[in-house]
Amino acid sequence: MNLTFSPEEQAFRAQVRRFLADALPGDIRERVRLGRHLRADDHLRWQNILSAQGWLAANWPTEHGGPGWGPVERHIFDEECAAAHAPTVVPFGVNMVAPVIMKFGSPEQQQHYLPRILSNQDWWCQGYSEPGAGSDLAGLNTRAVREGDHYIVNGQKTWTTLGQHANMLFCLVRTNPDAKKQAGISFLLIDMQSPGITVRPIITLDGAHEVNEVFLDNVRVPVENRVGEEGQGWTCAKFLLTHERTGIAGLGHAKQALRHLKSLASRIEHRGKPLLALPSFRLRVVKAELELMALEVTNLRVIAATRDGGAPGAESSLLKVRGSELRQELSELTRRALGPAALPFFPDFLHGDAPLDDANAQSASASAQYFNRRKLSIYGGANEIQKSIVAKTILEM
Amino acid sequence: MDFALTDEQRMLEETLTRLVADQVSPTQRRAMLDAPRQAPSTLWRTFAELGLLHMPFSEAVGGLGGDGTDLMIIMQALGRGLVPEAYVAGLVLPGQLLALTANSVQQTRWLAPLLEGEHQLALAWQEHGARYDAFAVSTQAIKHNVQWRLTGRKDVVLNLEAAAAYLVTARLESGKLGLFILPAGTPGLSLHLYRTMDDQAAGDLTLDDVTLPDENCLSEDVSEALIDVLALGRAALCADAIGAMEEACDQTLAYLKDRKQFGLPLATFQALQHRMVDMHLHLEQSRSMAILACTSLSLPADERDYKIAAAKAYCGESARFIAEQAIQLHGGMGMTEECHVAHYAKHLVMFDHYLGDSDYHLETVSDQLSVA
Ligand SMILES: Cc1cc2nc3c(=O)[nH]c(=O)nc-3n(C[C@H](O)[C@H](O)[C@H](O)COP(=O)(O)OP(=O)(O)OC[C@H]3O[C@@H](n4cnc5c(N)ncnc54)[C@H](O)[C@@H]3O)c2cc1C
């Protein structure tokens, strides 16, 4: 066994690092570093730069315009991006709907949508969850009724991340109410500009507008916008969820957060000494360090197992549980390290363009991020649900 | 040993619980938070009429002589409703410091109107980079003849905007810690106002060569009084957190019974039942610690501070556990501004950032750990 990266992989890391240093616009880097919300234009500017470099679709095969990286390269790329304070690529098009279209879509759908994703022409959002269907996703109620060569869609989606910027929605709908729960579901691609669609913001407890409700009222969707067969939506959905969970450990982010925490806690003084020397605090940082070391190797083990293609199975549930817990713990320790300086809340700075003095700006996002990171154990299948998956599929309980 | 409340205390609890339920619904609370800060609110005037503003002060200074248990009852009820009134920051802490340090002229000028609800005050003890250490003070006060000149900066002063005056600690030439009262609007003061993460009105206070007459000096050696008052504040905050924990647990339990997934109420899933029990355990253990803290206020300082540090550290950890689980068990709902439990969660997490967090207080306990 050998846990070191090969010379080629190290050279790749150096190449990515150089690119990030040259290409990432300073204002965007600063917004990410300070934990300020990115505007639609910030996302697009960065994604256009990645697209021009051919690195936007990190997990696509070359035949569709991807860079042809393996899991190790993708891992290195993610890690370097987080370290450089690059924005996370909005995943719904590139990483979620695209693999589904590649796997289940018609040649026409592939020719139409994939290039548009690659060039950032379309901004996709994910319409899975509903008010009554969260953990029990298959309990969804949004109805699609066939009328000639259209579906008429009625219902409500919720928690739609960045739906306010999106022009396309991939959506699970019930086409057959009489079939078994999972069997009656189909996968539709819906133009957000269609008459009958209303998007309403949901403000989260950190004051951010990140998620939305999407109402569908007699929305007409051409039948050719269905991916796969009617009733095959659940297969698409499950396939997509495994892709949603690759890179789910958020290792790059965790590493960056731990680096930041250590630097912060050695600069902040507690009774004349660095906070990092305070035993109760130090011990928690040490434990986070250990958890991260273990997670990194576990992640590499999963990566190595999938190197020759194929999405990871239930192991990704383990990565998600531990990764989210670790990132939450790091956000907790960062907030805590700041002491009273974590109290002031500047929403107009964090979520808007209001200026703020430098001292406050440096610590402004810690508490808001702590609360925002609670989502990591809720979305993409809550941790309780992930544990049930592990119990069932790995432990066969 | 007696855990029972007196008849008066039970009445106080009932009255206050009813008042909070009637006047601080989530919608009313939002409106109160959005209202301008200066004038005493209707609710504050009701507090005055009910004697709540007199309660925590000794009869010697015109108070009702309430004890730690009375304070606990009040704080717990306010915590349950997340009542946006600065009962601790604007009344108890500055008032108690005045009671301990001010002469009779100063008391008539500042303390009497405070107890009548005519004005509120603020206590500026915390400084940038000092974390929770009330004695790492670099604000300076220098005496020139009969005048004092103060320069420095105080951070995260609660109730700053509404306060008629600020009690400010400053290092004197003697090396001792002095205490001054600065009326709002005194030349040389500047305020940077904001809300805290849990919606409390606060701000930073900068003192740029502020000149004060000698009658505004409350004490030239405030250390002991400050320690007493911070202990009182910590005990009060523990009780406040208990109220908020109770409500967060109740709301979560109700949600688990109401919300269905997979055709069943969430409350039927054993993983969630056990989690809910853990929340309940944290609450009950913290309740015990808060009782310990509030009934320790009249003990000798060393013993009192040991117990209160233990309680504050314990409640800090529990408050966070309960907050995190309350959000988690509400799923996406728990992440929203619209969901009431999210506001309890914010208050419970930020509890640790007021008057010293768990690490700070664990260190105190650890330094004095009794091995007998
Ligand atoms: C910030 C954010 C962004 C999101 N973005 C999107 C998006 O873009 N598109 C989209 O479709 N969805 C999105 N979601 C929705 C997300 O996938 C759901 O919130 C998630 O599936 C949980 O569903 P729920 O919120 O309805 O919680 P519920 O399903 O009601 O669960 C509540 C709690 O009960 C637990 N629970 C439920 N069932 C069981 C069980 N059987 N055993 C044990 N515990 C159980 C859960 O783990 C959770 O802790 C987002 C959510 C958040 C918070």
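# Notebook: two chains and one ligand

I began with the contact between the chains: chain A and chain B bury about 4,000 Å² between them, and carbon and sulfur atoms give 58% of that area. Buried area here is the accessible area, taken with a 1.4 Å probe, that two parts lose on being put together, summed over both. On the chain A side, A:Leu205, A:Arg336 and A:Leu343 lose the most area to chain B, together 19% of what that side buries.

A note to myself on ground rules: this is a predicted model, where local features need pLDDT of at least 70 and side-chain atom pairs count only at pLDDT 80 or more, while totals for chains, interfaces and linings use all residues. Residues are numbered from 1 along each chain as its sequence is written, chains are lettered from A and ligands numbered from 1 in the order in which they are written, and side-chain values use heavy atoms, with hydrogens and water left out.

**The interface**

I looked up who takes part: 48 residues from chain A and 45 residues from chain B are in the contact, meaning heavy atoms within 4.5 Å. I then looked for salt bridges (a side-chain nitrogen of Lys or Arg within 4 Å of a carboxyl oxygen of Asp or Glu), and the rule finds seven across the interface of chain A and chain B. One to look at pairs B:Arg320 with A:Glu332, at 3.1 Å from N to O.

I also looked up polar contacts (N or O atoms within 3.5 Å; within protein, one must be able to donate a hydrogen and the other to accept it, and residues adjacent in sequence count only if both atoms are side-chain atoms). Across the interface of chain A and chain B, 28 residue pairs are in polar contact, both residues at pLDDT 80 or more. Among the elements of chain A that give two or more residues to the side touching chain B are strand 6 (197-203), helix 10 (315-337) and helix 13 (365-372). Helices (H or I, at least four residues) and strands (E, at least two) are DSSP runs, numbered from the N terminus. Helix 13 of chain A gives the largest share of that side, five residues.

**The ligand**

I checked some polar atoms next. A:Thr161 has a polar side-chain atom 2.6 Å from a nitrogen atom of the ligand, and an N or O atom in the side chain of A:Ser129 is 2.8 Å from a ligand nitrogen. From the other chain, B:Arg259 places a polar side-chain atom 2.7 Å from an oxygen atom of the ligand. The protein covers 93% of the 980 Å² of accessible area that the ligand has on its own, by the Shrake-Rupley method with a 1.4 Å probe.

**Within chain A**

Last, I picked a salt bridge inside one chain: A:Arg13 with A:Glu80, closest N and O atoms 2.8 Å apart. A:Arg13 lies in helix 1 (residues 7-23) and A:Glu80 in helix 4 (residues 71-83) of chain A, so the pair ties together parts that are 67 residues apart in sequence.
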